[in-house]
Amino acid sequence: LRCCTDLRNICAHYGRLYFRVFPAIPANIEVTENAKRKLWGTIQAVKNLYPDAKKWNTNVVCKIESVFQKYKDSINLEHIAFPKDWNTLLQK
């Protein structure tokens with residue numbers, strides 16, 4: 001829950017997520033050591049708490065994909081610790 005709270009507060013106050021190091025480490029999530037304190041680890045924590053798999057896949061994952069597509073020339077996935085196959089891994 002702490003990961004979700006941190007993410008929510010950063011977004012609510014127009015903070016940046018790119019290059020962000022998050023204070024909380026997600027529990028019971030299997031991600032690389034590098035990704036634990038980056039956006040990928042936090043998104044994985046949110047995914048595990050999201051109650052509806054269909055809504056997660058159609059709403060959340062699609063919106064992330066849309067943002068990444070729109071800013072594809074500006075976003076380097078390594079800076080947010082997203083793996084190359086992030087879309088497959090993010091599906092519920």
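Modeller: What follows covers the cysteines, the aromatic pairs and one threonine. This is a predicted model, so local features need pLDDT of at least 70 and side-chain atom pairs count only at pLDDT 80 or more, while totals for chains, interfaces and linings use all residues. Residues are numbered from 1 along each chain as its sequence is written, and side-chain values use heavy atoms, with hydrogens and water left out.

Biologist: How many disulfides in the whole structure?

Modeller: The search finds 0 disulfides, a disulfide being a pair of cysteine sulfur atoms within 2.5 Å.

Biologist: C3, buried or exposed?

Modeller: C3 is buried, at a relative accessible area of 6%. Buried means under 20% relative accessible area, exposed over 50%, and partly exposed in between, with a 1.4 Å probe and protein chains only. C62 counts as partly exposed, with 39% relative accessibility.

Biologist: Switching to aromatics. How many pairs?

Modeller: The whole structure has 6 aromatic pairs. Rings of Phe, Tyr and Trp (its six-membered ring) pair if their centres lie within 6.5 Å; planes under 30 degrees apart are stacked, over 60 edge-to-face, the rest tilted. One of the pairs is W40 with F82, edge-to-face at 4.8 Å centre to centre and 65 degrees between the planes.

Biologist: Where do W40 and F82 lie?

Modeller: W40 is in helix α2 (residues 39-49) and F82 in the loop between α3 (53-70) and α4 (86-90), so the pair ties together parts 42 residues apart in sequence. Helices (H or I, at least four residues) and strands (E, at least two) are DSSP runs, numbered from the N terminus. Both W40 and F82 are buried.

Biologist: What about F68 and W86?

Modeller: They form an edge-to-face pair, 5.0 Å centre to centre with 75 degrees between the planes. F68 in helix α3 and W86 in helix α4 are 18 residues apart, and the pair links distant parts of the chain. F68 is buried at 14% relative accessibility, and W86 is buried at 7%.

Biologist: Which residues form a cluster with W40?

Modeller: F68, F82 and W86 form one aromatic cluster with W40.

Biologist: Last one, T42. What is T42 in contact with?

Modeller: Leaving aside neighbours within four places in sequence, T42 is in contact with C3, L7 and F22, where contact means heavy atoms within 4.5 Å. T42 lies in helix α2 and is buried, with a relative accessible area of 0%.
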